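My entries follow in the order in which I made them.

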Amino acid sequence: MRAVGFYDFGGPDVLRIVDLPEPHAGPGEVRVRVHAAAVNPADTLIRAGVHAAAFAGVPAPYVPGMDIAGVIDEIGPGTDIELAPGEPVMAMVMPIGPAAGGYAEYVVLPAGWVVRAPAGIEHAAAATLPMNGLTALRALDQLALAPGSVLAVTGAAGALGGYLVQLGGHAGLTVVADAAPADEALVRASGAADVVARGAGVAERIRARYPDGVDAVADAALVGPRLLDAVRDGGAYVRFRGSDEPGGHEIDGQGRIVVRTTFVPDYAGRTDKLRQIRRLAEAGVLIPRVATTLPAAEAAGAHRRLEAGGVRGRLVLSF
């Protein structure tokens, strides 16, 4: 089968089309014929070698990709699943270590990792939902904010930030988000009740609107420790990268703020949470945004575009 992989960690140009043995579903597994795979920042970290230690002893090529959409193609023997061959599905993939990622024509997964795709949503859009949707859901579950609480979201015009705004508003939170002038209408349409200018000084601008401080910050833009100044005593700050990753920070709430790291693998295999994402998309709460769909052979260009910044929505590879 065709896949997009790499033999050496490095820049986008290490990505290439590779030919791999076609996998088949075993007991408790299903095979997905992939039609679309979203390109995420996590994929660029894998390609760059940030998680290289997890691949020790694993033969190359390595295949990135954490989000897929396609159709059920094969059901392993004895597998109990409500889905039938040919049904459109979506899934989150964990490509760390010996497991292959989602940039491939076929992906085999445990049956519980795959759910029916939202009705009326095409493959490319469905592929943007699992990983970022579960990340946003995990962050809000960790925060457990009461309706009426104030949540600040950075990176609100991006894919993860947009889902945080949408889910936060749906949960009855007052969402204040950052945005460039060109993105303000988009962020407000996502459900932000208040918008401040993004960039240097964003914590001060949030604090000026909410003098007592917000109840929590979800830092999708990886702004870092200076955002603690926007949070009230007893509030919370959620980050989406550990301090050992590019863009990660050592953050000390100095006892007055709870600092949490959202780790999406905590929800890997959580069929209930992935079904919740599907229902929210079908209800119009989560609105996927596809920036561009590209042929799989253009994966290197997609990684370059993502790392250059400014992409609104998700780049998606088509198989």
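**Entry 1: valine 165**

I looked up valine 165 and found 0% relative accessibility, so I count it as buried. The model is a predicted one. Valine 165 sits in helix α4. Leaving out residues up to four places away in sequence, I listed its contacts as Val153, Ala156, Val175, Ala177, Val187, Ser190, Gly191 and Ala192. I also took a C-alpha to C-alpha distance from valine 165 to alanine 25 and got 37 Å, for a pair 140 residues apart in sequence.

**Entry 2: alanine 299**

Next I went to helix α8, where alanine 299 is placed. Is alanine 299 buried or exposed? Its relative accessible area is 1%, so I noted it as buried. With residues up to four places away in sequence not counted, alanine 299 touches Val4, Leu15 and Leu317. Its C-alpha atom is separated by 9.0 Å from that of valine 316, which is 17 residues away along the chain.

**Entry 3: helix α1**

I then asked which residues of α1 are buried. They are Asp43, Thr44, Leu45, Ile46 and Arg47. I checked what covers them, and the cover includes β3 (29–39) and α8 (299–308). Just after α1, I noted that glycine 49 has a positive phi of about 100°.

**Entry 4: arginine 278**

Arginine 278 is buried but has no salt bridge. The nearest side chain of opposite charge is glutamate 282, at 4.4 Å.

**Entry 5: salt bridges**

I counted salt bridges by the rule and got 17. I wrote down some of them in detail.

Arginine 304 and aspartate 13 form one, with their closest N and O atoms 2.5 Å apart. This pair links distant parts of the chain, 291 residues apart, with arginine 304 in helix α8 and aspartate 13 in the loop between β1 (2–5) and β2 (16–19). I get a relative accessible area of 42% for arginine 304, so it is partly exposed. Aspartate 13 has 62% relative accessibility and therefore counts as exposed.

Arginine 31 forms a salt bridge with aspartate 73, and the closest N and O atoms are 2.3 Å apart. Arginine 31 is in strand β3 and aspartate 73 in strand β4 (residues 67–75), so the pair ties together parts 42 residues apart in sequence. I found arginine 31 to be buried, with a relative accessible area of 5%. Aspartate 73, at 30% relative accessibility, counts as partly exposed.

The side chain of arginine 31 also meets that of glutamate 74 in a salt bridge, at 3.8 Å from N to O. This pair, too, links distant parts of the chain, strand β3 for arginine 31 and strand β4 for glutamate 74, 43 residues apart. Glutamate 74 counts as partly exposed, at 21% relative accessibility. Which residues do salt bridges with shared partners join into one network here? I noted Glu22, Arg31, Asp73 and Glu74.

**Entry 6: pockets**

Last, I looked up the pockets. The largest pocket holds about 1,200 Å³ of space. I count 43 residues in its lining, and Pro41, Leu160, Ala220, Leu222 and Arg241 lie nearest its centre. At least two lining residues come from each of α1 (41–48), α3 (130–143), α4 (159–170) and β9 (174–179). The largest share, 4 residues, is from α1. By class, I recorded 24 nonpolar, 12 polar and 7 charged residues in this lining.

The second largest pocket holds about 370 Å³. It is lined by 24 residues, and the closest to its centre are Val63, Pro98, Ala99, Ala100 and Gly101. How does the lining of the second largest pocket divide by class? I recorded 22 nonpolar, 2 polar and no charged residues.

Note on methods: Residues are numbered from 1 along each chain as its sequence is written. This is a predicted model: local features need pLDDT of at least 70, side-chain atom pairs count only at pLDDT 80 or more; totals for chains, interfaces and linings use all residues. Side-chain values use heavy atoms; hydrogens and water are left out. On a 1 Å grid over the protein atoms alone, a cavity is a set of points where a 1.4 Å probe fits but cannot get out, and a pocket is an open set with protein on both sides within 12 Å along at least five of seven lines; lining residues have an atom within 4 Å of a point. Grid points are joined across faces, edges and corners, and a volume is the space filled by probe spheres set on the points. Ala, Val, Leu, Ile, Met, Phe, Trp, Tyr, Cys and Pro count as nonpolar, Asp, Glu, Lys and Arg as charged, and the others, Gly among them, as polar. Buried means under 20% relative accessible area, exposed over 50%, partly exposed in between (1.4 Å probe, protein chains only). Lys and Arg count as positive and Asp and Glu as negative; His and the chain ends are not counted. A salt bridge is a side-chain nitrogen of Lys or Arg within 4 Å of a carboxyl oxygen of Asp or Glu. Contact means heavy atoms within 4.5 Å.
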